[in-house]
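Visitor: I am new to protein structures. Could you walk me through this one?

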Amino acid sequence: MNLELNNKYALVCGSTAGIGKATATALAEEGAIVTLIARNEDKLKATLAELPQHRPHDYIVADFSDPASLKANVDAYIQSNHGFHILINNTGGPKGGPVFAADVTEFENAFTQHLKCNHVLAQAVVPFMKSEGYGRIINVISTSVKQPLDGLGVSNTIRGAVANWSKTLANELGQFGVTVNNVLPGATGTERLTEIIKNKSVKTGTTEDQAATAMKGAIPAKRFAQPEELADAITFLASARAAYINGINLPVDGGRTKSL
């Protein structure tokens, strides 16, 4: 299947590791011109060097704890270079813990890094998308928007807010050829999963291997996902082939989520 991404400009957040990096690679392999965005310039340069070199890929340094600075950096890049047909909103999740024990600042920080920054980026890229009659905004969230996950209180709360923002935006932008969808990763082989396994190990008094085995046992596929499997789903949604898919939450979780 030809995904028709040749010469489409893509902005990929959190693109120096995990799902973000796998997505940047997948988009580049399909012909997209990728701009990486993250806060660590050394890691951005290293990731840039790993992308297929037949396109003029680039990067932007930005800190998602500061929406004003993020907006300024992205706006300046667009003015000096080009707009984007594709936006992948992908930011590391808040730390775990019960919701009742969370400090108010944890909600504020997560709201800033996820919803506020997603909104800033959408506002920056949508004018170009409208002018092109082609836009794809894909938010990497969590299956917790369908089924809250134990021990991830702040994340459950903020992910739900992002999902509702996304659905509302999809309704507003669909008429312009711009789709907005959410990909909901299940347990995926990233640094985030390693942290979750360690926490479960401590909480249950088991080894990390035992904790990982128990987690896999709750997944019908009986294994964790690889970042590339999430990247494949994201890349399809970013393509012309997905033009009539809009406003959905797509779990990529091996069947773990019990709700429809």
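**A short tour**

Guide: Start with contacts, meaning heavy atoms within 4.5 Å. Among contacts in the protein chain between residues at least 6 apart in sequence, 72% join residues at least 24 apart. This is a predicted model: local features need pLDDT of at least 70, side-chain atom pairs count only at pLDDT 80 or more, and totals for chains, interfaces and linings use all residues. Residues are numbered from 1 along each chain as its sequence is written, and side-chain values use heavy atoms, with hydrogens and water left out.

Visitor: How many helices and strands does the protein chain have?

Guide: Helices (H or I, at least four residues) and strands (E, at least two) are DSSP runs, numbered from the N terminus. By that count, the protein chain has 8 helices and 7 strands.

Visitor: What is the radius of gyration of the protein chain?

Guide: The radius is taken over C-alpha atoms, and the globule rule is 2.2 Å times the number of residues to the power 0.38. For 260 residues the rule gives 18 Å, and the chain comes close to that, so it is as compact as a globular protein of that length. The value for the chain is 18 Å.

Visitor: What share of the 260 residues is buried?

Guide: Buried means under 20% relative accessible area, exposed over 50%, partly exposed in between (1.4 Å probe, protein chains only). In the protein chain, buried residues make up 48%.

Visitor: How far does helix H1 reach from its first C-alpha to its last?

Guide: H1 covers residues 18–29, which is 12 residues. The expected span is 1.5 Å times one less than the number of residues.

Visitor: Which helix do the buried residues of H1 pack against?

Guide: Those buried residues include Ile 19, Ala 22 and Leu 27. They pack against strands S1, S2, S4, S5 and S6. They also pack against a helix at 227–237, H8.

Visitor: Is His 85 buried or exposed?

Guide: His 85 sits in the loop between helix H3 (67–80) and S4. Not counting residues up to four places away in sequence, His 85 touches residues including Tyr 9, Phe 128 and Tyr 134. Its relative accessible area is 4%, so His 85 is buried.
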